[in-house]
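Student: Could you take me closely through the salt bridges of this model, and say where the paired side chains lie?

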Amino acid sequence: MRKREKIVPIILAAGSSPGLPFPKALAHFGRKTALQIAVENCAFLGQSLVVLGSDAERILPDAPKSAQVVINPSWREGQLSSFQTALENIGADNAFLIYPVDHALLKRSTVEQLVRAFRHRSTSQEIVMPRHKRAYGHPVIVSATVRPEFFNAPTAREVIYRVPERICVLNVRTSSIFEDFSTPESYKACRRKFARRK
């Protein structure tokens with residue numbers, strides 16, 4: 001029988017936000033920041049690991065106290081370096097959930113769906129990925145057995161898609177899995193959708 005792996009949420013918030021006047025992690029949606037939303041959506045799994053880099057000094061005071069925060073000094077090298085920093089700070093036998101901080105429209109219910117799919121995946125499947133109308137998105141959950149590959153690959157994406165047979169695809173009804181923001185226009189669009197869904 002498959003061993004039940006602990007799933008550690010990894011919230012990636014280290015990149016710069018050149019198109020915005022503030023870090024993405026501090027973008028407000030209602031009364032909460034994008035970072036607070038991400039941490040709360042994953043709270044049922046236990047403590048989240050938040051990776052900061054660019055603007056870390058600005059974000060840190062507002063980081064949820066319930067989360068563990070690590071700083072990636074090499075954040076300019078790209079998202080994979082931040083992801084590797086996270087992996088170095090979690091147990092080698094833990095599965096992990098990859099959650100970009102700018103996916104603020106995600107709801108806890110979608111994260112819960114992914115966790116259930118991961119718990120009930122077939123023995124040959126090591127990655128659970130959401131899909132909506134043929135488009136894939138986040139969060140993605142990865143088994144600990146795949147962990148070493150992320151230290152010997154050019155990108156995380158290359159690892160995720162390397163062996164299609166080991167991916168369990170979960171079809172979801174929400175486009176929030178790929179709706180992010182990086183400009184004032186896309187941020188306003190996300191805020192409008194966030195306000196309408198309540």
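Tutor: Glu149, Glu158, Arg162 and Arg166 are linked in a network of salt bridges, a salt bridge being a side-chain nitrogen of Lys or Arg within 4 Å of a carboxyl oxygen of Asp or Glu. This is a predicted model, in which local features need pLDDT of at least 70 and side-chain atom pairs count only at pLDDT 80 or more, whereas totals for chains, interfaces and linings use all residues. Residues are numbered from 1 along each chain as its sequence is written, and side-chain values use heavy atoms, with hydrogens and water left out.

A search of the whole structure finds nine salt bridges. One of them joins Asp102 to Lys24, at 2.9 Å from N to O. Asp102 sits in the loop between strand 6 (95-100) and helix 4 (108-119), and Lys24 in the loop between strand 1 (7-13) and strand 2 (28-29), so the pair ties together parts that are 78 residues apart in sequence; helices (H or I, at least four residues) and strands (E, at least two) are DSSP runs, numbered from the N terminus. Asp102 is buried, at 8% relative accessibility, and Lys24 is buried too, at 18%, where buried means under 20% relative accessible area, exposed over 50%, and partly exposed in between (1.4 Å probe, protein chains only).

Within helix 4, Glu112 and Arg108 lie four residues apart, about one turn of the helix, and their side chains meet in a salt bridge of 2.8 Å, N to O. Glu112 is partly exposed, at 25%, as is Arg108, at 36%.
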